[in-house]
Amino acid sequence: AELYKIDGWGAPYFSVNAAGNIAVRPHGATTLPHQEIDLMKAVRKAVDQKPAGGLGLRLPLLVRFPDVLRHRLESLHAAFDLAVRSNGYGSRYQGVYPVKCNQDRYVVEDIVEAGAPFHFGLEAGSKPELLLAMSCLLRGSPEAFLICNGYKDVEYVELALTARALGLNAIVVLEQEEELLTVVEAGRRLGIRPVIGLRAKLRTKHAGHFGSTSGEKGKFGLTAAQILPVVRRLQRLEMLDCLQLLHFHIGSQIPTTALLADGVREAAQIYCELARLGAAMRVIDVGGGLGIDYDGTRSAGSDASVGYGLEEYAAAVVRTVRDACDRRRMRHPIICSESGRALVSHHSVLVFEAFSSSSCSAVAEPVPIGPDVAHLLEGLVDYRSLVAAAVRGEYETCLLYAEQLKRRCVERFKEGLLGLEHLAAVDGLCEVLAKENGHAEPVRAYHVNLSVFTSLPDFWAIGQLFPIAPIHRLDQRPGVSAVLQDLTCDSDGKVDRFIGGWSSLPVHELDGEDGGYFLGMFLGGAYQEALGGAHNLFAGPSVVRVEQSEGPHCFAVTRAVPGASCADVLRAMQHEPEVMFEGLKGRAGDFGGGGAAARRLARAFNSMPYLVRGGGGGERGGPAGGRGD
Ligand code: PLP
């Protein structure tokens, strides 16, 4: 646990149990030891074949813990509740979940259900997000906010107004000046009076990667010069009572509460000014940005961590809004936040397998230098210098000559003067020398059954680090360091940077037995699922939902969905798997291969694109069907 810093980034949900496996505490620190879920047992249940009592799913596997999700939501609410009570705040907190962080139906439904007692709502940034938010909120509290952000056209605005007509508490947040006219006209046309929010473009800027949407040159929101005409126009239209909310978002992973308070102070002034100008202000929406600690350092120095927890965040927001409103003798508004990352990151673990390994160096085994190769090498001045330095015991000099020798040999190879045996022998010689000199780390490449592009898109795109650790054998000291190479035919498809500044991950030797070696990528519950692409047509993982329950293992798998099949991913690219299958089957018949070839083809269409360890693997129906829970 110490080596992988699990107590840092994992607390309070992940730890290591006596069996050396990752233990999941679904209710955080309040989980009793006998209620902890052994992640390895849950994975076995999901991937073991059906006759062995498993569900027969394939890896990679996304394990969702809805209890963790609920606990995050309750913790966020409790943190704000505490800040409201302990700071004499005159109103309340009423948050929303920005569905862009994870639009999965069950994630959103769980949040709406768990959040109903707190009137927790949803935020949408596009038409499909708005549709799903409207539908899910039908089962939420009628007071819950439905915050409508993002670029809007007439269709979007009409949909948001329709939400109001359905009794949902939808607020259309203007991100651009032009949107006002669309809202006013659509409201008139449909006979629905809108509730309007304004997104302010703050001067406060957050310097990290996630802050590029903030500051004067930020992508979204209205500047002071744009807010004033909107207010005047609403006044002329006698609609100032519709303007009720001020929103801002200075970016995700806000590093410090000092920066947060700075942004909230600026926004609170704008809020007070809008109230002074006659708007019926009642909500301040501080956006997202509540960060999480990916590397367990609780420091503000990088995007991988932040220097505060939920309580400090809530206290900074509540105190700053209170102080600003008290100075202006304004009533305290309802405080809304759109925390996504902090709500959903912890709830899922991506489990994947390392199925083989190789040396990262040019040579697997040093090639012995035979007499003919030695003869040729001895003719080279660098080789003679290298041997002389070795005899003198000057190992650093040796290494320099070795590098020169390598370069010169490659040149000679290109000219056709040396053969492959020479090149291999020189690589081996250099490797042995480097090892002798303590220069070469035994870094290996572990081949993992995963696509970085599909499952860790933020690692590939923006260098976001996620904690990765084996989920078992944590009672044994790892003997190797490895970079993780994925299945895609792409040199970017590897993980070679890890939390703690490591360029390789300590891992255990693959024991070669059929047990497998399982790793987990943690804290990836936000953004990764929708951002992930299908490079090489590797699509999403299998998914299980694991809930805490009574019983010997403390868990029950309450939902299991196999990952997309080859047919599914082909269909997504406009191919027609059924037609393809018939064509290929027909050709197999022409060539006399008939039934056996057709069965192999059907199996290929129906299986997941990921690899099957040991050459076996479950099968599913024909290309058109066979998917099930
Ligand atoms: N609200 C808005 C307007 C956003 O753009 C975002 C994401 O960037 C969020 C909320 C969620 O932010 P976070 O995941 O940092 O809580």
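Where is the place of G532? I opened the predicted model with that question. I found G532 in the loop between α18 (528-531) and β20 (542-548).

**Entry 1: G532**

Is G532 buried or exposed? I counted 22 other C-beta atoms within 10 Å of G532, so I logged the residue as buried. I used the cut-off of 20 or more for that call. Next I looked up the contacts, leaving aside neighbours within four places in sequence. G532 is in contact with F453, T454, S455, P457 and G540. I also checked the distance from G532 to I147. The two are 385 residues apart in sequence. Their C-alpha atoms are 25 Å apart in space.

**Entry 2: β20 and its partners**

I moved on to β20, the strand at the other end of that loop. Five of its seven residues are buried, and I noted β20 as mostly covered. Which strand pairs with β20 in the parallel sense? I found β4 (residues 61-64), joined to β20 over four bridges. In that pairing, L61 stands opposite S542. I then turned to β21 (residues 555-561). β20 and β21 pair in the antiparallel sense over six bridges. The hairpin of β20 and β21 has six residues between the strands. I looked at the phi of G551 in this hairpin and read a positive value near 115 degrees.

**Entry 3: helix α7**

I tested the length of α7 (residues 179-190). The helix has twelve residues, and at 1.5 Å a residue it should span 16 Å.

Which residues of α7 are buried? I listed E179, L180, V183, A186 and G187. They cover an arc of only 140 degrees around the axis, and therefore sit on the same side of α7. The face turned away from that buried side carries L181, E185, R188 and R189, which are exposed. I then asked what the buried residues of α7 pack against. I found α6 (154-165), β8 (169-174), β9 (196-199) and α8 (224-236). G191 follows α7, and its phi is positive, near 70 degrees.

**Entry 4: helix α4**

I made the burial list for α4 (residues 105-115) too. V107, V108, D110, I111, V112 and G115 are its buried residues. I looked up their packing partners: α3 (66-86), β5 (96-98), α5 (127-137) and α11 (341-344).

**Entry 5: the sheet of β1, β2 and β3**

In what order do the three strands of this open sheet run? I read β1-β2-β3, with antiparallel pairing. β1 (14-16) and β3 (37-38) are the edge strands, each pairing on one side only. I followed β2 (residues 22-24) to β3 and found two bridges, in the antiparallel sense. V24 has I37 in β3 as its bridge partner.

**Entry 6: domains**

I took the domain bounds of the protein chain from the domain assignment. They are as follows:

- Domain 1 covers 92-194.
- Domain 2 covers 199-339.
- Domain 3 covers 371-436.
- Domain 4 covers 566-615.

How far apart do the C-alpha centres of domain 2 and domain 4 lie? I noted 54 Å.

Terms used
Residues numbered from 1 in each chain as written. Predicted model: local features only at pLDDT ≥ 70, side-chain atom pairs only at ≥ 80, totals over all residues. Pairing = 2+ DSSP bridges. Buried ≥ 20, exposed ≤ 12 C-beta atoms within 10 Å, placed from the backbone. Contact = placed C-beta atoms within 7 Å. Expected span 1.5 Å × (residues − 1). Arc of directions from axis to C-beta. Domains from an automatic or database assignment.
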